[in-house]
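This briefing walks through selected features of one protein chain. The points below are grouped by topic.

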Amino acid sequence: MVNFRIIYKILGTLLFIEAALMLLCLFMALYFGEDDIFTFTSSVLITLIGAFTFRYFGQNSGDTLSRRDSFLVVTLAWIVFSAFGTAPFLIGGYLHTYTDAFFETMSGFTTTGATIIDNVEALPHGILFWRSLTQWIGGLGIVFFTVALLPSLVGGSTKVFAAEATGPIKTKLHPKLSMSARWIWIVYLFITFGCMACYMTFGMDWYQGVNYAMSSAATGGFSIHNNSTEFFNSPALEYTTTFFCFLSGVNFTLLYAIATKFKFKQFWQNTELRFYLYIVLGFTLFIMLELIYKNGYGIERAFRCGIFQVVSFITTTGLYNDDAGQWPHVTWVVLSICMFIGACSGSTSGGFKAIRAVMVAKVVRNEFTQRLHPKAVLPLKINGQNIPNAQRVSLLAFLTAYLLLLLLMAFIMIAMGIDNTNSITICLSCLGNVGPTLGVEIGPTMSWSVLPDFAKWMCSIMMLIGRLEIFTVLIILTPSFWTRN
């Protein structure tokens with residue numbers, strides 16, 4: 001059965017980490033001297049009380065996690081982190097209901113970037129920094145961060161990694177998972193600080209650079225301005241954002257191999273990366289032509305807006321430099337496909353993942369061949385390695401579950417009176433952790449505050465399910481999870 005003591009122990013330790021993150025925001029509040037000093041002081045104390053309480057119930061727990069425990073601890077970690085993360089919004093009065101605060105916090109930690117705050121520029125610097133920090137920590141995973149920082153905490157770290165990691169193929173850089181986690185975090189830090197340096201070079205101040213770098217590296221999408229990166233009206237910043245968001249959508253294991261072992265040939269031979277690159281370039285060209293001929297954009301502006309929005313949607317970042325709601329409706333279809341596919345596995349992006357799209361395409365191709373040659377044994381190779389049948393079945397199960405959830409949630413949204421386009425793209429956005437949506441009621445540049453409370457809770461659930469890739473969450477809802485050994 002489930003070992004609740006070790007789960008309490010891990011949750012307690014995670015809350016200590018969250019309290020430390022809130023302490024960073026307190027220092028930010030003290031630096032700017034605004035009205036959120038008391039807010040973060042109280043939030044730190046409340047989170048510490050929660051941490052000590054969980055640790056108390058987790059005494060004498062042992063250190064070994066079963067596979068069942070790992071699924072539960074990962075799901076609960078994201079829920080508990082988000083539940084306590086609401087404190088700064090509620091104590092400071094920046095959000096007035098727990099529903100809104102939980103939605104905003106879950107959106108941050110899952111790097112969705114959807115917001116229900118209509119005027120973010122009215123918020124103090126500490127709160128804005130907290131929003132950016134939530135998505136940056138959630139970029140690679142809350143528990144994955146703990147594995148890198150405190151490997152001795154989780155005895156079954158491999159099982160935890162399997163429950164939280166994205167993509168169908170899990171690649172380790174080192175025999176010890178904790179060492180792999182550290183190297184991946186080093187890559188993440190390099191991208192973040194490199195992005196921040198470039199932003200400051202092209203005109204941002206240090207505070208803007210830090211926040212937008214965390215948003216770009218985490219492919220989160222939270223902005224400190226109401227108009228996102230459009231606020232700066234700077235082509236140089238927009239191209240910089242596009243580059244670092246695209247880079248953050250590449251598998252971090254591959255980036256590490258290139259950066260440390262100079263395996264540039266491996267970069268171009270990677271099947272998933274090539275697909276990701278072709279999709280971005282193909283969709284950018286299509287949207288560029290649409291904007292030139294139907295919206296009267298100049299060539300450079302059409303290319304810049306096209307590639308920015310395609311990269312923002314496919315990497316599930318959600319930043320914007322133009323109002324895609326005013327574009328031809330056929331571009332909405334292209335952007336919706338980007339929302340569904342997502343970028344590479346092992347990155348900070350969400351969505352179905354490019355590697356799965358490649359695998360599905362090859363399964364379909366093999367099926368055509370099998371119809372002509374029923375006795376043929378057809379391999380399904382990714383990067384020169386054959387994918388076993390078990391993983392092919394898992395792939396089709398994931399695709400089926402993803403589409404069924406999408407249809408079910410869209411049906412519920414439409415039943416609540418939300419228009420069809422918004423309902424479908426809201427569900428695509430939440431399950432893919434994208435952020436913006438397409439439609440009239442909630443456009444790509446609007447907040448989600450008009451949604452009814454029940455819809456916000458449904459969206460929060462979808463964000464969590466999408467971030468943990470469906471089965472990690474749904475498996476704990478099955479009766480056999482609690483009854484069978």
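A residue counts as buried when its relative accessible area is under 20%. The model is predicted. By that cut-off I470 is buried, because its relative accessibility is 1%.

**Residues with positive phi**

- I470 is found in the loop between α20 and α21.
- The phi of I470 is near 70 degrees, a positive value in a residue other than glycine.
- Most residues other than glycine have a negative phi.
- T316 also has a positive phi without being glycine, with a value near 60 degrees.
- The loop between α15 and α16 holds T316.
- T316 counts as buried because its relative accessibility is 0%.
- G33, which comes just after α1, takes a positive phi of about 65 degrees.

**Salt bridges**

- The count of salt bridges comes to nine.
- One of them joins R131 and E104, whose closest N and O atoms are 3.1 Å apart.
- R131 belongs to helix α6 (residues 125-140) and E104 to helix α5 (residues 98-109), so this pair, 27 residues apart, links distant parts of the chain.
- R131 counts as buried because its relative accessibility is 2%.
- E104 counts as buried too, because its relative accessibility is 1%.
- R301 and D322 form another salt bridge through their side chains, at 3.9 Å from N to O.
- This pair also links distant parts of the chain: R301 is in helix α15 (residues 299-314), while D322 is 21 residues away in the loop between α15 and α16 (329-341).
- R301 counts as partly exposed because its relative accessibility is 37%.
- D322, at 7% relative accessibility, therefore counts as buried.
- K353 and E469 make a salt bridge as well, with 3.4 Å between the closest N and O atoms.
- K353 sits in the loop between α16 and α17, and E469 in the loop between α20 (453-467) and α21 (471-474), so the bridge ties together parts that are 116 residues apart in sequence.
- Both K353 and E469 are buried.

**The contact of α17 with α18**

- Helix α17 spans residues 354-372 and helix α18 spans residues 389-415.
- The axes of α17 and α18 come within 11 Å and cross at roughly 110 degrees.
- Angles of 65 to 115 degrees count as roughly perpendicular, so α17 is roughly perpendicular to α18.
- On the α17 side the contact is made by R356, M359, V360 and V363, and on the α18 side by L395, F398 and L399.
- Six residues of this contact are nonpolar, one is charged and none is polar.

- Helix α1 covers residues 4-32 and has 29 residues.
- From its first C-alpha to its last, α1 reaches 42 Å, close to the 42 Å expected at 1.5 Å a residue.
- Helix α19 covers residues 420-431 and has 12 residues.
- The reach of α19 from first to last C-alpha is 17 Å, close to the 16 Å expected at 1.5 Å a residue.
- α19 is mostly covered, with nine of its 12 residues buried.
- The buried residues of α19 are N422, S423, T425, I426, C427, L428, S429, C430 and L431.
- These buried residues pack against α16, α18 and α20.

- A302 is found in helix α15.
- A302 counts as buried because its relative accessibility is 0%.
- Apart from its neighbours within four places in sequence, A302 is in contact with M288, L291, I292 and Y297.

Key:
Residues numbered from 1 in each chain as written. Predicted model: local features only at pLDDT ≥ 70, side-chain atom pairs only at ≥ 80, totals over all residues. Heavy atoms only, no water. Axes fitted to C-alpha atoms, helices over the stretch in contact; angles between N-to-C directions. Helix = DSSP H or I, 4+ residues; strand = E, 2+ residues; numbered from the N terminus. Parallel < 35°, antiparallel > 145°, perpendicular 65-115°, else oblique. Contact = heavy atoms within 4.5 Å. Nonpolar A, V, L, I, M, F, W, Y, C, P; charged D, E, K, R; others polar. Salt bridge = Lys/Arg side-chain N within 4 Å of Asp/Glu carboxyl O. Buried < 20%, exposed > 50% of the residue type's maximum accessible area, 1.4 Å probe, protein only. Expected span 1.5 Å × (residues − 1).
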